[in-house]
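Reader: I have just opened this model and would like to go through it with you, one topic at a time.

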Amino acid sequence: MHQPNASTMTGAPRTFAEIRRSLIGSTQTVRALMTRALAESAALAPSAWISRFPAAQLLPLADACDVRLREQGAAVFDTMPLLGMPFAVKDNIDVAGLPTTAGCPSFAAGPARTHAAVVQRLVDAGAIPIGKTNLDQFATGLVGTRSPYGAVPNPFDASRISGGSSSGSAYVVATGQVPFALGTDTAGSGRVPAGMCNISGLKPTKGWLSSRGIVPACRSLDCASVFALAPEDAWAVAAIAAGRDALDPFSRDALPPRLRVDKLDGLRIGVPDPLEFFGDALAEQAFDAALRVLQPLGCRIVAVPFAPLARAASLLYQGPWVAERYAAVGEFLARAPHDADPAVSAIVLGGSEPRAHQLFAAQHEIESLRQQAAAMWSTIDVMVVPTAPTHPTVAELQADPFEPNRRLGHYTNFVNLLDMAAHALPGPFRADGLAAGITLIGPAFSDFALAQLATTLVRWLQPSVGAHRHALGPAPSIGASAPAHPARIVAVGAHMSGLGLNWQFQERAARLVRRVTTAPRYRLYSLTGTHPTRPALVHVGSTGRAIDVEVWEMDSAHVGSFLALVGAPLALGTVELADGSSERGFVCEPRGVAPDTPALDITHFGGWRAFLADAPALPTHRTTP
């Protein structure tokens, strides 16, 4: 089955790939990109923004980026991959020079002096923050209406909610004002607005992105999240922003699990049993439409008992975790500031009631529920849920600020409590023209695998994204983020990118570091003669030549399981590279190419790819849909 063809992309460049091509090809400047962002942010819903930098401050930064581009060309993106990208930041995340209100003006003590850790990493990569976006006050809500700055409208129907709490960030991405924005996610705030605005929302594993410089909601559960039009763009931002932060006590080293998503055929997709849509037939029909897309691709739908997950979800607000919200801002709200949202105050101040023994009892129950949830990964590869089970109107929230919000958390509240990762992506639209996304959920540190899967699936489910229904091009390959404890391996043959065994790298979240050649001291063989299945690199000294290879990097925790897949006479040894450096890599024992073996000397091809190209009738990679 072939990937569907997206329609010809029209309008301004909006995805990262399009923007980068326009900058490299000189069809657009960073100044023009910034000017457009400023004009669109001024012309569209003012309630989406809380504060912005003036053009007089932003345009010189854009000009400096243009100077770098003229001087360095495309190579500048190797060191500054986000060069010139304007972005927005949810206003519970510090941006130096702007106040952090958390949706409550009287809470701000003045402009932040430094960037939050995640913002600083993005600025270091060349991105330019242009302002702070609206939110449900103190990130308490999934609706986007609990703010003295006004409700953020849904970009498809202003009478409907945009979703929250990261309402402004989702809206400004969906309407094309910025290519990406930062939000936060404690109970679904980085996912619900993505689903309702037809964009991607990456909710990372807790602690993978630093939360230093973020006003806490539930400090032990909070995550910085990323909104972008396409999943691959959300992943690119997260991969840059991620990393151990010694100053954040909740920061964690990433150890990605081995999660295979290299092919859709046979992928086991868990779906909640029972499914709940609270009487919203159009939401149910949209989710059914998504499942009908997945099944012909070879995905296997597996019913997953939802009761343990629903119980965990209920503990977030009906259990003692609300006390953590009180610990964050309860004393401030207890002073009854004039600009406090009544619904938010009622929730947070209720957090003063739980007692310590109740918290311990709930923690014990959560650990039991985590064990039950962990067991389901033996029967499924990924869970797929409706991002939101219903889509209320603004009027419904005004009439009842609590029950519609509670329903929106049905498929989101459990994720952080059970230490899972999630990636929301656009799905088939509802019959009434509203966006209705789905969310992929996996175990902790499955972020890369989820992003890979989302990048593929969005092209099948909804290749026209955002409020502009911007057409996405073919799915690109995405690279893993830098591992916490890196170990490098030189790939010589079928483990190289795009070839038959590369999936063994992919499932360990390995990333391609560089394509190089060896020192001119090697000979390359095909161990099985003319049939290109197993290459062998042998160090021979002065009679050798340089061979094309790739240097890959994975977390050292996965090296042992990888080496177990390498059979004799191949082994891991030291490979000398052309630049004089050495890395661990695939080599062959001399006995493997002895005269009495079928080994064929293919050194003259200069590498395994060139040898494969000489045998086009032979398979060179896995067949995928």
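Reader: Let's start with a cysteine: is C299 buried or exposed?

Author: Happy to! First, this is a predicted model, in which local features need pLDDT of at least 70, side-chain atom pairs count only at pLDDT 80 or more, and totals for chains, interfaces and linings use all residues. Residues are numbered from 1 along each chain as its sequence is written, and side-chain values use heavy atoms, with hydrogens and water left out. By relative accessible area (1.4 Å probe, protein chains only), buried means under 20%, exposed over 50%, and partly exposed in between. C299 has a relative accessible area of 6%, so C299 is buried.

Reader: How many disulfides does a search of the whole structure find, and which cysteine sulfur is nearest to that of C223?

Author: A disulfide here is a pair of cysteine sulfur atoms within 2.5 Å. The search of the whole structure finds 0. C223 is buried at a relative accessible area of 3%. The cysteine sulfur nearest to C223 is 11 Å away and belongs to C218.

Reader: How much space lies in the largest pocket?

Author: A pocket is an open set of points on a 1 Å grid over the protein atoms alone, with protein on both sides within 12 Å along at least five of seven lines; a 1.4 Å probe fits at the points of a cavity but cannot get out, and lining residues have an atom within 4 Å of a point. Grid points are joined across faces, edges and corners, and a volume is the space filled by probe spheres set on the points. For the largest pocket, that space is about 1,300 Å³.

Reader: How many residues line the largest pocket, and how many of the lining residues are charged?

Author: The lining has 42 residues, with P81, W235, A236, I478 and G479 nearest the pocket centre. Helices (H or I, at least four residues) and strands (E, at least two) are DSSP runs, numbered from the N terminus, and those giving two or more residues to this lining are α1 (16-24), α4 (76-79), α8 (231-241) and β15 (511-517). Ala, Val, Leu, Ile, Met, Phe, Trp, Tyr, Cys and Pro count as nonpolar, Asp, Glu, Lys and Arg as charged, and the others, Gly among them, as polar. The lining divides into 24 nonpolar and 7 polar residues, while the charged ones number 11.

Reader: How many residues of α8 are buried, and what phi does G243 take?

Author: In α8, 8 of the 11 residues are buried. Among them are E232, D233 and W235. Just after α8 comes G243, with a positive phi of about 145 degrees.

Reader: Which residue in β8 stands opposite I269?

Author: Strand β7 (268-273) runs parallel to β8, and 6 bridges link the two. Across this pair, I269 stands opposite I301.

Reader: Which residue in β3 stands opposite F87?

Author: Strand β2 (86-90) has 5 of its 5 residues buried. P86, A88 and K90 point one way, and F87 and V89 the other. β2 pairs with β3 (128-133) in the parallel sense over 5 bridges, and F87 faces P129.

Reader: Which residue in β21 is the bridge partner of Y525?

Author: β16 and β21 run antiparallel and are joined by 2 bridges. In β21, Y525 is partnered by D601.

Reader: What is omega for the peptide bond from D273 to P274?

Author: P274 lies in the loop between β7 and α9 (281-294). The bond from D273 to P274 is cis, with omega near 5 degrees.

Definitions and conventions:
Pairing = 2+ DSSP bridges.
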